[in-house]
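This report describes how one protein is divided and what lies between its parts.

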Amino acid sequence: MSLHRTELGESGPLVVFCHGLFGQGKNWTRIAKALSTDHRVLLLDMPNHGRSPWTESFDYLELADLVAAELSSGASDEPVELVGHSMGGKIAMCVALRHPQLVERLAVVDIAPVAYDSGREFIGYTQTMRALDLAGLQRRSDADEALQEAVPNPVVRSFLLQNLRRTEDGWHWQPNLEMLGEHMSALAGWPDEALGESSYGGPVLWVGGARSDYIDDAHAGEMDRRFPRNRRVLIKGAGHWVHSEQPAIFLEVLRRFLR
């Protein structure tokens with residue numbers, strides 16, 4: 001299985017981005033363009049998202065191995081600088097824990113190596129997207145109007161609608177909505193037992209939004225156990241989508257961390 005990729009920049013260390021649930025590699029374009037002046041940047045569509053292939057089930061270790069295969073297939077033998085947000089952050093952490101030789105340093109964005117109580121918010125999004133009458137759509141604005149009641153936040157609604165594509169056969173959702181909806185508990189979880197006592201000894205940036213509840217002091221012990229060289233940074237005025245809500249500050253924090 002080969003993942004869809006977008007590459008920017010011509011020289012410098014390679015930075016690889018892993019997006020979150022319902023995202024795509026292109027969500028990182030603004031950050032990637034800024035970094036591409038002195039880095040090579042690789043934006044990956046995670047499995048079951050964007051233009052990447054689908055899998056039959058959701059397993060963080062399997063997904064991490066697919067990302068690791070992409071990193072191993074590159075022209076450079078040097079380890080990469082890996083950045084992951086939310087679901088992509090858990091995938092990136094698993095890559096570093098299972099394939100540490102591939103990762104020079106790791107940036108984990110607004111997620112912790114723990115199982116969360118539920119994915120109720122994302123279950124609702126999945127159900128709403130699947131319930132949309134795609135056959136009745138004439139234009140993208142029809143979909144936006146149809147989702148307004150269930151998803152009143154225009155920023156979230158626009159984010160979800162990036163996944164809607166029109167082909168000769170009509171409108172289609174790009175993510176594997178059925179599988180993701182059925183495996184939401186695995187997506188909210190964390191393969192702690194399967195990872196054993198593995199840890200990653202490289203430098204780790206643990207960055208989150210000050211208004212987000214995805215990382216807090218209760219997660220620090222597990223983060224220290226798995227990633228002993230982590231440094232935690234909270235960005236004011238940002239929630240879970242910290243890199244979209246405060247892009248300039250996030251970029252500065254990330255630049256200082258990268259080589």
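## Domains and cysteines

In this predicted model, 17 residues of domain 1 are in contact with 17 residues of domain 2. Domain 1 is made of residues 5-116 + 190-258, and domain 2 covers residues 119-183. Their C-alpha centres are 25 Å apart.

Between them, domain 1 and domain 2 bury about 1,600 Å², and 59% of this area is on carbon and sulfur atoms. On the side of domain 1, the residues that lose the most area to domain 2 are F22, W54 and W241, which together account for 39% of what that side buries.

Polar contacts cross this interface: six residue pairs are found, with both residues at pLDDT 80 or more. The count of salt bridges between domain 1 and domain 2 is zero. The side of domain 1 that touches domain 2 consists of six nonpolar, eight polar and three charged residues.

The number of disulfides is also a matter of counting, and the count is zero.

| Cysteine | Relative accessible area | Class |
|---|---|---|
| C18 | 0% | buried |
| C94 | 0% | buried |

Notes. Residues are numbered from 1 along each chain as its sequence is written. This is a predicted model: local features need pLDDT of at least 70, side-chain atom pairs count only at pLDDT 80 or more; totals for chains, interfaces and linings use all residues. Side-chain values use heavy atoms; hydrogens and water are left out. Domain bounds come from an automatic or database domain assignment. Contact means heavy atoms within 4.5 Å. Buried area is the accessible area (1.4 Å probe) that two parts lose on being put together, summed over both. A salt bridge is a side-chain nitrogen of Lys or Arg within 4 Å of a carboxyl oxygen of Asp or Glu. A polar contact is a pair of N or O atoms within 3.5 Å; within protein, one must be able to donate a hydrogen and the other to accept it, and residues adjacent in sequence count only if both atoms are side-chain atoms. Ala, Val, Leu, Ile, Met, Phe, Trp, Tyr, Cys and Pro count as nonpolar, Asp, Glu, Lys and Arg as charged, and the others, Gly among them, as polar. A disulfide is a pair of cysteine sulfur atoms within 2.5 Å. Buried means under 20% relative accessible area, exposed over 50%, partly exposed in between (1.4 Å probe, protein chains only).
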